[in-house]
Amino acid sequence: SERAVRPPSRPRPPLLVLRAAPLPAYTSMDLGALFGGSSAPARLLIERDQFVLDGQNFTVRAGCVHYFRVHPDLWEDRLARIAALGLNAVQTYVPWNYHQAWNASSLGPARVDLDSPSRDLPRFLRLAHGLGLRVVLRPGPYVCGEFEFGGLPAWLLRDGPIELRTDAEPYMGHVERWWGELLPRLRREGLMLDDGGPVMLVQIENECAASLRPRVLVAAGETARHQSGERERAEREQREQTRRGAEGSRESPPHMLLSHWCEYVPNPYLGPIAHAKPLHTSPAAALRYGHFGDVSEVEADRRYLERLADLARRHLGDGAQLFTSDPDDLAKLTRGTLSPSASRLGSEVLTTVDSCDVPEDAWAAQRSFNPPGRSPFFCSELWVGWFAHWGEPARPNLAAQRARDVAERLRRVLAVNGGTGSVSLYMAHGGTSFGWWAGANTADGMYLPDTPSYDYGAPIDEGGGHGLDEAGGDKYAALQSVLLEAPSGGGSSVPSSSPSASRPPSPPAEPQPLREEPPPPRRLSSTVEVELPEAVRLMEAETLAALSGGGRCCDELPLPMEEVGCDYGIVVYETELPAGGGGPLQVSRLRDRLLAFVDGEFVGRMYRQQGWGRADPKGLLMPPPRPYPRTLRLLVENLGRVGFVDLPWFSRTFLLDQRKGILGGVWLNGTLLNRTGPDGQAGWRTHCLPFDDAQLDVLRRLPARQPSGLLDTAGSVALGAGSVALDAGSVAVSVAGAMLHLAQGSDRDSPPSLPSSLPSSQPPSAATATFYRGAFELPSADAGADAWLALGGGWAHGTAWVNGWHLGRYWLPEGPQRSLYVPGPLLREGGNELLLLSLDVAEAEADGQPRWARLNPSPNHTGARSAPQETAAASSRQLQIYSYAAAYSATKLTSANARHAVVDAFSHLEGLLSLGSKIIRLRAPAEPAAQRPSAAPIVAAIAAAGALLALVAAAYVFRAGRLRRPWRRRDRAFARRFFLV
């Protein structure tokens, strides 16, 4: 037998004296390192489709926890809970943008920060090692993880279009400098396995396989220029044309469509592109995050992964096993892995899989991309839950999994290959995306910002307790029981003196005693009410000047946030309206949410989802014209850059550019606001507001006033099923008993004007864009106890700080998150501070209740509404947007730009169909009928939109016939697409 021929293991020195020392039950030490004993470097080997460490079979049982989502004073507590769960390793990402910011002084990337308390990655790894946990490190450069821009720095976008996640400059130069600071630091501090440290596996990139290859539709006539290699010149010309911007231009905001094939085709429906920020209309725009490329066919993608592997070997040596991770799908594995048949490094970089719904099939797929005998089954991400977006039900998708179902999936993974299956639980502890670090996703072409809570339905919940499923099942206990039943996975904490690659591996070790779990986290003993007596209006000239030092002046057009050095947070654009200026305001390519102010008074809001990322069809109704100039300020909030992209076949309108702010133009009553002042300077001033520590200190010193208590009482028009009346001059839409009259524009090439008779739904409010500050006292018994900040009454949308720590955003009307986690280390005995930036207020103060803020001992992520009710409410709001947008698109019916209206109508109908199918899917049959969202308004709205689309199509055909011109190719293309939809 193998046991009979195995050489005897090296006898270990007696450690009885140390074991008698009173150490915490959940603390361990590298005792060999403590004695300074001479031991050969350890290495993680692969033999007979199994991991081998120190001559013994080793199964990786890792739990994911992100140090950047946990307060640094709680790192050891969370790691101890992972060890007590029965795991022997921890897995973490290393987000590039979290460690390397932009240096405004040197106008370049700053030095990599690995030393400040919340970014001290070496300390986190040493804590894991001290608890007996190995480390699976995932340093990117792209990490996904629902983190801002997938972990890529926003300053990569500072100079415009850039190819990401491929072997192209300047991207690879930045990557080499990033890894050139990160990886040698790990080596110098002895954190690699062969130096006696914990890091044994290092991932190269993340989920590289491309599920879709995007096609960019460009304006007719542009295709030849792209194909002839004149891409750079075309972009340069377009950028120059943008900067010139003829004064008084009345061109329409640009449109850009996206399909799912990788080719360039002319787009006859593309609107005028003059006077708008340049779009990505080149291969540089190919969307390279999410599943990014195709290693099997694209040479640059294969070279990219090989260069990363070479960099890792150069800086880390041979002490860590490199690996890639992709979904357990043969097609995606083909496109995303360095298999031996596709790369010179195929035998050195281990291919692993994630998802693992059918473990045996996943292992079979994995083996086909590794050399024979070198494919230990490693499910690098076994999803135990899911994340949440703003506006979704409280427990979406996988987060509602029962504890017993998750435990059964884990049991099946561990049973693969004779019980030697390796796994990483994603997530073991999710934590919180503090500050501005929550990212975003896309689904069905919709932009979906993520919530700060990354609880994920994990076995260790956001506050450090046991995670529970919807039925109250304990996920921690369920997974712990499975991990205790299976063999421990072997592996010695003290490596042998001469590991041999030819040594037959030993069978798995027997189950070991469970490490003791730390005590439950401390919570507040009772609710604490917080008064907010001080208020500072953000949109006053004195406040903006103090915070931004006067801002940047002056630009002809609003610039993206990245170009003005404002990567995160908020940007305020300021210009002067001419005397008599009034009418609807429109913004092209808004990223992401806008509040408009005239002379400091709030006049309306926009969100990028309205109009599918283009100008809001409804516009913002401005105050009546005045015979004197006024100041227009546009506050734009960055809600998070997309970190993963889902592009199904019907998604046509996702814009590739991830820059933030205003990327296009601003129109007032159809006129582009690019006016020049009397001194020859352009008229846009930009204020960058990341609200870092320096700006918060300035805010505290500003004179405060008592809050006015005024809240806007924004009304809303319910748009659902109704009728449409259409003639040559205007469109009248009767929806749910409300009559809206939309007149066509007088100028063929201008955005259609809207009548001033439409009532403004956003009256001025003193509570919008206002900072509130308050203090609260805590007794010594509650110092260091966890809490959750809950807001109610008139609060709607904003962000909060406790004692200078940025908790994240709140967005109460959207949900599902209704309270913000406050880590215990933030709360101290005696005086504490709460800062609240209220960016928006509720449409109506809830039943007349006053606004309130309080710290609770437990979270409330569901509020008073049930998940189906939340879904119905969110759907109602989106249906209003689509219904209005479809009606508005008909206003351009009789103009020369009628084809634009057709494209818009198609987009809005596709949105209605997608939304309706989504909501109908969410009508779970297991729920009581009374709790299900009604499908009647959804079906009625889709029917109304379909009728409107038919009228649009009929009028288009009639107009073509009236002009007595033959059908051109674009007409035939339109007809084909109409019948397809």
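Author: Let's start with Asn-206, which sits in the loop between β9 (199-203) and β10 (215-219); helices (H or I, at least four residues) and strands (E, at least two) are DSSP runs, numbered from the N terminus. Keep in mind that this is a predicted model, where local features need pLDDT of at least 70, side-chain atom pairs count only at pLDDT 80 or more, and totals for chains, interfaces and linings use all residues. Residues are numbered from 1 along each chain as its sequence is written, and side-chain values use heavy atoms, with hydrogens and water left out.

Asn-206 is buried, at a relative accessible area of 1% (buried means under 20%, exposed over 50%, partly exposed in between, with a 1.4 Å probe and protein chains only). Its side chain makes a polar contact with the side chain of Gln-203 at 2.9 Å. A polar contact here is a pair of N or O atoms within 3.5 Å; within protein, one must be able to donate a hydrogen and the other to accept it, and residues adjacent in sequence count only if both atoms are side-chain atoms.

Now over to Asp-167, in the loop between β8 (134-138) and α7 (171-188). Asp-167 is buried too, with a relative accessible area of 16%. Leaving out residues up to four places away in sequence, Asp-167 touches Met-172, Ala-300, Arg-303, Tyr-304 and Arg-307 (contact means heavy atoms within 4.5 Å). With Arg-307 there's also a side-chain to side-chain polar contact, at 2.5 Å.
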